[in-house]
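Dear colleague,

I am passing on a structure that you have not worked with before. Please have the sequence and the coordinates open while you read the notes that follow.

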Amino acid sequence: MTNRRALLATPLALPALIRPATAQDAWPSRTVSVLLGYPPGGVTDFAARAVSERMGRALGQTVVLENRPGAATAVANTAAAQARPDGYTLLMGTSTLAINPALQPSLTPRDPQKDLAPIGTVFRTAFVLHVHPSLPVRSAAELIAYAKANPGKLNFGSSGTGAVNHLCLELFRARAGIDVVHVPYRGGPAALLDLRENRIQGMFNAVQEALPAVQAGATRALAISSKERAAAMPELPPIADVLPGFDGVFWQGLFGPAGLPAPIVARAGAALREATTDPDLVARMAAQGVALMPGDADALRRMLAEETEMWGRLIREQNIRPE
């Protein structure tokens, strides 16, 4: 009798054991758009495009990169923050998410730490501190000494006020206690051209941008801005060897809108990790001076918080304003 009751009860119990499939379980069932606040071309676009394509293979679904430049990346950042949190609109966010709140607080999202959901880290790339060869210095320490002996006489370029290479210069200037003149340009190529021609005496350039000038002898590399050496220029010592704790880099991370369900964050994060640990992609990016950086949502959340505090403090202390 007991066995008969159990058998009769079993079909009634089955529905309780079967959980209906949800949209989260099926994600992604169609194309995923990844927004980027930069135009096509350049290492940021190259990395985002390569990582998105590799993520698509891991997810078994098309992942398309959409370039939406404008307003210091705020166009793409805002579109992602305001998208439905269903996993079909993601963002390849960059260091600007940590810079804009202090530099341009009127831009949206005003608080990326609240308005975006971190998924994982993508890469970080350092800047080369290089100078015109006519300058009688061969190290960061010698540059600091020379600048102190010649206050206000050295002109250093950047790709624009508030750009990460400009903030690296401001961090270097503040930490070293030197007086050098900042000359902002509309983009890095124009500044690099003037450095080659000795119209400015130095600047911070991304590794892949500085390398050809250094190899041609048009500029002299002194140090690297990251706390670790760069694989593409391993001979360069970190500025941190002279100014302990110095670490100024450009980074990229994958975000979604706030409220993105945990299962989607987990699945997108797993696909991202497959991309950032793919040996072929790691080698391709290293040749561009970019170190892919596998890291989960918590790692990206910490990095955004730390850099928002670091750059925000520097911007306020140095009274940096957008032009």
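Does Asp 45 count as buried or exposed? Please keep in mind that this is a predicted model. At a relative accessibility of 7%, Asp 45 counts as buried, because the cut-off for that class is under 20%. Its salt-bridge partner is Arg 49, with the closest N and O atoms 2.8 Å apart, and Arg 49 is partly exposed, having a relative accessible area of 36%. Both residues belong to helix H3, which covers residues 42-59, and they are 4 residues apart, or about one turn of the helix.

This pair is one of the 12 salt bridges that the structure holds. Another is formed by Arg 30 and Asp 86, where the closest N and O atoms are 3.8 Å apart. That pair links distant parts of the chain, 56 residues apart: Arg 30 is in the loop between helix H2 (23-26) and strand S1 (32-36), while Asp 86 is in the loop between helix H4 (74-81) and strand S3 (89-94). Arg 30 counts as partly exposed, at 45% relative accessibility.

A further salt bridge brings together the side chains of Asp 194 and Arg 199, at 2.7 Å from N to O. Here Asp 194 counts as buried, with 15% relative accessibility, whereas Arg 199 is partly exposed, with a relative accessible area of 49%.

With kind regards

Terms used:
Residues are numbered from 1 along each chain as its sequence is written. This is a predicted model: local features need pLDDT of at least 70, side-chain atom pairs count only at pLDDT 80 or more; totals for chains, interfaces and linings use all residues. Side-chain values use heavy atoms; hydrogens and water are left out. A salt bridge is a side-chain nitrogen of Lys or Arg within 4 Å of a carboxyl oxygen of Asp or Glu. Helices (H or I, at least four residues) and strands (E, at least two) are DSSP runs, numbered from the N terminus. Buried means under 20% relative accessible area, exposed over 50%, partly exposed in between (1.4 Å probe, protein chains only).
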